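Visitor: Before we go through the terms one by one, please show me the model, and then let me ask what stands behind each label.

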Amino acid sequence: RVVLAEVTGLGLLDELLGVEAAILVDAVRSGVKVPGSLHLLREEDLATFGPGSTSAHSLGVAETLSLGRQIYPEEMPAKIILIGIEVGEIGLGESLSSEVSACLPSAAQMIEEQLRKL
């Protein structure tokens with residue numbers, strides 16, 4: 001199933017509980033790649049994604065997943081993959097930058113590849 005979940009922090013857990021596997025797509029800022037770059041990360045990679053890298057949300061995905069594993073260890077997905085889309089400046093109500101828009105077909109292809117592997 002595909003869910004557009006514009007939820008922050010703990011709201012993400014409601015979408016993940018009871019799911020066998022999940023592919024999350026989120027805006028990220030690593031500080032090392034240009035906007036429109038794609039990151040393919042496993043859950044265990046998130047902790048090393050680096051200080052100063054951020055999610056577009058208040059409680060980052062790494063922190064949310066870690067908390068979910070602590071509170072609901074049996075209900076969290078066995079496998080979680082994150083596809084991060086590098087963004088530049090973000091602001092409330094702004095549309096996608098041309099760099100991010102241009103990478104969307106590649107992001108969709110990456111999602112399809114990961115689905116086939118699952």
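Visitor: What makes up the accessible surface of the protein chain?

Guide: In this predicted model, the accessible surface of the protein chain comes to about 7500 Å², and carbon and sulfur atoms hold 54% of that area. Of the 118 residues in the chain, 33% count as buried.

Visitor: How do you know that H39 is to be called buried rather than exposed?

Guide: A residue is called buried when its relative accessible area is under 20%; H39 has a relative accessible area of 7%, and therefore H39 is buried. H39 belongs to strand 2, which covers residues 38–42.

Visitor: What share of the contacts with a separation of 6 or more joins residues 24 or more positions apart?

Guide: That share is 77% in the protein chain, whose elements run α-β-β-α-β-α-β-α from the N terminus on, with 4 helices and 4 strands in total.

Visitor: What makes the set that includes L12, L41 and M76 a nonpolar core?

Guide: A nonpolar core consists of buried residues of the nonpolar kinds, joined through side-chain atoms within 4.5 Å; the largest such set here has 12 residues, among them L12, L41, V61, M76 and I80. Helix 1 (11–16), strand 1 (21–29), helix 3 (61–71) and strand 4 (79–86) each supply at least two residues of this core, and the largest share, 3 residues, comes from helix 1. A second, separate core has 8 residues, including I85, V100, A107 and M110. In soluble globular proteins, nonpolar side chains tend to be buried together.

Visitor: Which residues lie nearest the centre of the largest pocket?

Guide: L4, A5, V25, D26 and A27 lie nearest its centre, out of a lining of 48 residues, and the volume of the largest pocket is about 1600 Å³. Helix 1, strand 1, helix 3, strand 4 and helix 4 (98–117) are the elements that give two or more residues to this lining.

Note on methods
Residues numbered from 1 in each chain as written. Predicted model: local features only at pLDDT ≥ 70, side-chain atom pairs only at ≥ 80, totals over all residues. Heavy atoms only, no water. Buried < 20%, exposed > 50% of the residue type's maximum accessible area, 1.4 Å probe, protein only. Contact = heavy atoms within 4.5 Å. Areas by Shrake-Rupley, 256 points an atom, 1.4 Å probe, with all protein chains shown as cover. 1 Å grid on protein atoms, 1.4 Å probe; cavity = no way out; pocket = protein on both sides within 12 Å on 5 of 7 lines; lining within 4 Å. Points joined across faces, edges and corners; volume = space filled by probe spheres on them.
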